[in-house]
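Please consult the sequence and the structure while reading.

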Amino acid sequence: MKSRRVWTIMLLVFTAIIMGFPFFWMITSSVKSNEEIFLWPPTFLPKTPTFEHYQNAIMTRSFGRYFLNSFIVALSSAIINLIFCSVAGYAFAKLEFPFKNILFLILLSTMMVPIQITLVPTFLLVKSFPLVGGNDIFGRGGTGLLNTYFGLMIPHIMSAFGVFVMRQFYMQFPRELMEAARIDGASELRIFTKIFLPLGKPSLAALAIFTFTQAWDDFLWPLVVTSDSNMRTIQLGLETFKSRYTADWGPLMAATTMSIIPIVIVFFVFQKYFTDISLSSGIK
C-alpha cells in the first residue's frame, strides 16, 4: 500500500512538473535579455534579470488599454452570467411551469453546438441590434454593437452550462425550505434572494471562475466583433508582439505573464468555494 502511494505521488509530481514547465519557462524568459533568450544551450534561470521587457510591453503596445478592456468584459460578463444563470437554475430546480423538462433538455442541447456554427448568426445579431451604433429600429444603417463592450460580452452573459450547474446545486436542497418560507408569507423573489442565493455561494464561485476565465481567454469573438484597436482585448493585444515572420519574444513573454495574473487571482480568491462544490459533487 505504501509503495503504491509513493508511486502515485511520484506520478503526480512528474505530471505537475510537465504541466508547470511552460509557465516556468515563460516567466523566466520574461526577465532574460534578448540575447539570453536564444542562448544555446539554454539557461533555466536568468544570469542578469531585467524588467525591460515588462516596461516595453506596457509602454509601447497600448498593453494597458488591452488589459483594461479584457478586465471590463470578463468581470461584467461574470457578474451578468451569475445573475441570469442563478435565476434560471432556481426556476428549473424549484418552480413548476409548463414544459419545464422539455425546455431544460432543449437548453442543454445547445451545449453540443460548436461556437463556430453560431459565430455568424451572433455577429449578425450584434451588428443589427436596433437603435444603437447608428442603426434604425429595424437594425439597419449602422454598426450596432460592434466595437463596444456589450458586443464583446454577448456570448458570455448567459450559458447553458451555468444554468445546468446552478440547477443541479439547487436540486439538493429540500422543498420544505420553500414551503416554510411561503407559510411565513415570503414571496418567490424573497425566497430566492434570502434563502437559495446565499446557499449557492459555492456554485456561484465555481461558475464565476469558469465565466471569467472563458471571457478573459476568448480570442475568436473579439477578433470578429472589433475593428477598432482601442477595443482590442488582451488576447488580441498579444498578437501585436508578433509579425509575419518573427516575434518580439521578450515583451511577448512579459505580456503573457501579466495576462495570467487576473486568472490566478480569481482562482485563489474563489478556491475554497470551488473545492467545496467539487467535493460535494463527488459525494453526491
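Q: Which residue lies over the face of W25?
A: This is a predicted model, in which local features need pLDDT of at least 70, side-chain atom pairs count only at pLDDT 80 or more, and totals for chains, interfaces and linings use all residues. Residues are numbered from 1 along each chain as its sequence is written, and side-chain values use heavy atoms, with hydrogens and water left out. A charge sits over a ring if NZ of Lys or CZ of Arg is within 6 Å of the ring centre and within 35 degrees of the ring normal. At 4.3 Å from the ring centre of W25, the residue over its face is K32.

Q: Over the face of which residue does R167 lie?
A: R167 is one of the buried residues of α8, where buried means under 20% relative accessible area, exposed over 50% and partly exposed in between (1.4 Å probe, protein chains only). R167 lies 4.2 Å from the ring centre of F104. The residue asked for is F104.

Q: How many residues of α8 are buried?
A: Helices are DSSP runs (H or I, at least four residues), numbered from the N terminus. The buried residues of α8 include A160, G162, V163 and V165. Of the 11 residues in this mostly covered helix, the number buried is eight.

Q: Why is the pair of Y90 and F192 tilted?
A: Rings of Phe, Tyr and Trp (its six-membered ring) pair if their centres lie within 6.5 Å; planes under 30 degrees apart count as stacked, over 60 as edge-to-face and the rest as tilted. By this rule, the count comes to 20 aromatic pairs. The ring centres of Y90 and F192 are 5.1 Å apart, and the pair is tilted because the planes are at 45°.

Q: How many residues apart in sequence are the parts that Y90 and F192 tie together?
A: Y90 counts as buried at 4% relative accessibility, and F192 does so at 8%. Y90 lies in helix α4 (residues 63–94) and F192 in helix α10 (residues 188–199), so the parts tied together are 102 residues apart.

Q: Which class of aromatic pair do F169 and Y170 form?
A: F169 counts as buried at 8% relative accessibility, and Y170 at 0%. Together with Y90, F173, F192 and F196, F169 and Y170 form one aromatic cluster. With 6.3 Å centre to centre and 65° between the planes, the pair of F169 and Y170 is edge-to-face.

Q: What is the volume of the largest cavity?
A: On a 1 Å grid over the protein atoms alone, a cavity is a set of points where a 1.4 Å probe fits but cannot get out, and a pocket is an open set with protein on both sides within 12 Å along at least five of seven lines; lining residues have an atom within 4 Å of a point. The largest cavity is lined by V73, L152, H156, A215, D218, W221, P222 and T233. Its volume is about 30 Å³.

Q: Is H156 buried or exposed?
A: H156 lies in the loop between α7 (149–153) and α8. Leaving aside neighbours within four places in sequence, H156 is in contact (heavy atoms within 4.5 Å) with S77, N81, T211, Q214, A215 and D218. Because its relative accessible area is 5%, H156 is buried.

Q: How much space lies in the largest pocket?
A: Of the 23 residues that line the largest pocket, the closest to its centre are P155, M158, S159, A160 and Q214. At least two lining residues come from each of α6 (115–127), α8 (160–170) and α11 (201–217). The space in the largest pocket is about 740 Å³.

Note on methods. Grid points are joined across faces, edges and corners, and a volume is the space filled by probe spheres set on the points.
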